Amino acid sequence: MIDGRATEQGTARYAGRGDRLVVPEHFRLVERGLRLSSVGIGTYLGREDDATDALYRRSVARAVERSLNVVDTAINYRHQRSERAVGAALADLFARGTIARDEVFVATKGGYIPFDGEMPRDPAAYVTETYLRPGIVRPDDVVGNAHCMAPLYLADQIDRSRNNLGLATLDLYYVHNPESQLEAVGREEFARRLRAAFEALEEAVAAGKIARYGTATWNGYREPPDSPGLLVLADVVAAAREVGGPDHHFRAIQLPYNLAMPEAFTRANQRIGKETVSTLEAARRLDVYVMASASVYQGQLTRNLPAVIADLLPGLDSDAQRSLQFSRSTPGIGTALVGMKSLAHVEENAGVAATAPIPWEQFKKLFSAA
């Protein structure tokens, strides 16, 4: 496995290269001086086949070459094949010497029980032989026949992801959709399970297997304030502080955010002291970095946007770029993630880096126009 992790010096070197058409605001200065790109590449969609592996391998490599130093994946994406494609792409880049390990920020996720390369003929038997019989997972750890965040399981998944990616240290490890557990076991038991998961992740940090951790969600942080499935970010951070102390390593969240799903910015659902604020505002106050998933809503926001969007997001060539510009310009969004399997899409989306995010006064007009 390749040693190292994203560092202040490495990401500054990456951001400072003069051979790319990017504006300085494309890179966000975050904890410990890291500089992360405002657009990152995701690897969620696609068939579980060699052709899609090859597409992702080329796209990830080109994205990193073009100015996107944030790469997002998960062990369950395409039955572990996305992680392996990312690993192959990075190994090629690092071997050529054009990009160094300390310049690239790699995030992955664990929670959903993954298959290995393809759907097994007997999924239940696979899970039994791989996870239950060895004692990695107990039956009562699993909800919905698919999700687990027990400490032994997370430790196992971290090692599998490290091997898939070929990286000794993962820059960011998310608990994937923990709200699946909350909805199944109730808030008190969920709090216990979350603390146990964070204990395991703090141990992984101490062992040098991950550099930091967080939660990657779909619904959890976007729910109405009275929803039983709402994840309260202040409580999540408090759990990390309880197990890891003031220097805990809970540093990031991921959630969907785009023109069609703006709840993270518009919905006041998070309690901070006596106030109720949006998730993005809560993350700002709690010093948590935010990655926006589904920035182009799985392609649905890459065409036929209203003309007013083009008027309010000038200097861009396509609706895909305008959707990314909306996400990366939103106060509180650190990196807007977008899945890319084609080189043409990489070039198109990376082109946003040549334009500064729109200022707040202009951004506000998007909501008044709506």
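Q: How do helix 3 and helix 5 pack, in terms of angle and axis distance?
A: In this predicted model, helix 3 and helix 5 (residues 151-165) pack at an angle of about 45°, and their axes lie 7 Å apart.

Q: Which residues make the contact?
A: Helix 3 contributes Glu-83, Arg-84, Val-86 and Gly-87. From helix 5 come Arg-160, Ser-161, Asn-164 and Leu-165.

Q: And how is that contact made up by class?
A: The contact of helix 3 with helix 5 has two nonpolar, three polar and three charged residues.

Q: Moving on to His-79, where is that residue placed?
A: His-79 is in the loop between strand 4 (70-72) and helix 3 (81-96).

Q: Is His-79 buried or exposed, and why?
A: His-79 counts as buried because its relative accessibility is 13%, and the cut-off for buried is under 20%.

Q: Which residues does His-79 touch, leaving aside those up to four places away in sequence?
A: His-79 touches Glu-48, Arg-84, Phe-115, Asp-116, Gly-117, Glu-118 and Met-119. One of these, Arg-84, also takes part in the contact of helix 3 with helix 5.

Q: Now Asp-317: where is it found?
A: Asp-317 lies in the loop between helix 11 (307-312) and helix 12 (319-329).

Q: Buried or exposed?
A: Asp-317 is exposed, as its relative accessible area is 71%.

Q: How far apart are Asp-317 and Ala-196 in sequence and in space?
A: Asp-317 and Ala-196 are separated by 121 residues in sequence and by 47 Å in space, C-alpha to C-alpha.

Note on methods
Residues are numbered from 1 along each chain as its sequence is written. This is a predicted model: local features need pLDDT of at least 70, side-chain atom pairs count only at pLDDT 80 or more; totals for chains, interfaces and linings use all residues. Side-chain values use heavy atoms; hydrogens and water are left out. Helices (H or I, at least four residues) and strands (E, at least two) are DSSP runs, numbered from the N terminus. Buried means under 20% relative accessible area, exposed over 50%, partly exposed in between (1.4 Å probe, protein chains only). Contact means heavy atoms within 4.5 Å. Axes are lines fitted to C-alpha atoms, for helices over the stretch in contact, and angles run from 0 to 180 degrees between N-to-C directions. Ala, Val, Leu, Ile, Met, Phe, Trp, Tyr, Cys and Pro count as nonpolar, Asp, Glu, Lys and Arg as charged, and the others, Gly among them, as polar.
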